Amino acid sequence: DAVTDAQPLADAKHVSLVLDLHDPPKIDADPHRISQVLSNLLSNAIKFTPEGGTVTVRAWPRDGALAVAIADTGRGIAPEDLTHVFDRFWQPQGSKGEGTGLGLYIARGVVEAHGGRVWAESSPQGATLTFTLPLEPPSD
């Protein structure tokens, strides 16, 4: 749903949205809150991806968890900013005041409340924000 909701924003910027899902396992999570996380990460990725770029959503099982990564082909995140992207009210130097600086902070709070973790990686080819959520416990 979050990808479908983000499609008009991507279309307006001529950004391709690509899904790369490898039979994601079931998780025990609040679907509304996880959709909020995905929406926040997707809207940021689209915002920082230039026209004609690509945002890719990947999901796969990883070490007893579901890993979800949103990768963009934008300018990336400065190395000194990587530790701050999930801080409350933080915005990158030189940003045009777009947004409140709360989206990634909220995403981190939701993921951590579900027992997962979230982090950012970057290169000159773009940024990748990844989160994990514990798998659904096996039923007896």
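**Helix packing and a pocket**

Modeller: In this predicted model, the place to begin is the list of touching residues: Ala-2, Val-3, Ala-6, Leu-9, Ala-10 and Lys-13 in H1 meet Ser-35, Leu-38, Ser-39, Leu-42, Ser-43, Ile-46 and Lys-47 in H2. Sorted by class, that contact of H1 with H2 holds eight nonpolar, three polar and two charged residues.

Biologist: At what angle do H1 and H2 pack, and how far apart are their axes?

Modeller: The angle is about 15°, and the axes of H1 and H2 lie 9 Å apart. Angles under 35 degrees count as roughly parallel, and H1 and H2 are therefore roughly parallel to each other.

Biologist: Is the crossing of H1 and H2 left-handed or right-handed?

Modeller: The crossing of these two helices, H1 and H2, is right-handed.

Biologist: Turning to the second largest pocket, how many residues line it, and which of them lie nearest its centre?

Modeller: The lining is made of 20 residues, with Asp-1, Ile-34, Leu-38, Leu-66 and Val-68 nearest the centre, and the space in this second largest pocket comes to about 480 Å³. Leu-38, which is one of those central residues, also belongs to the H2 side of the contact with H1.

Biologist: Which helices and strands each supply at least two residues of that lining, and where does the largest share come from?

Modeller: Helices H1 (2–13) and H2 (31–47) do so, together with strands S1 (16–21), S2 (54–62), S3 (65–72) and S5 (126–134); the largest share, four residues, comes from H2. By class, the lining of the second largest pocket divides into 17 nonpolar, one polar and two charged residues.

Technical notes. Residues numbered from 1 in each chain as written. Predicted model: local features only at pLDDT ≥ 70, side-chain atom pairs only at ≥ 80, totals over all residues. Heavy atoms only, no water. 1 Å grid on protein atoms, 1.4 Å probe; cavity = no way out; pocket = protein on both sides within 12 Å on 5 of 7 lines; lining within 4 Å. Points joined across faces, edges and corners; volume = space filled by probe spheres on them. Nonpolar A, V, L, I, M, F, W, Y, C, P; charged D, E, K, R; others polar. Axes fitted to C-alpha atoms, helices over the stretch in contact; angles between N-to-C directions. Parallel < 35°, antiparallel > 145°, perpendicular 65-115°, else oblique. Left-handed = near helix turned anticlockwise from the far one by under 90°. Contact = heavy atoms within 4.5 Å.
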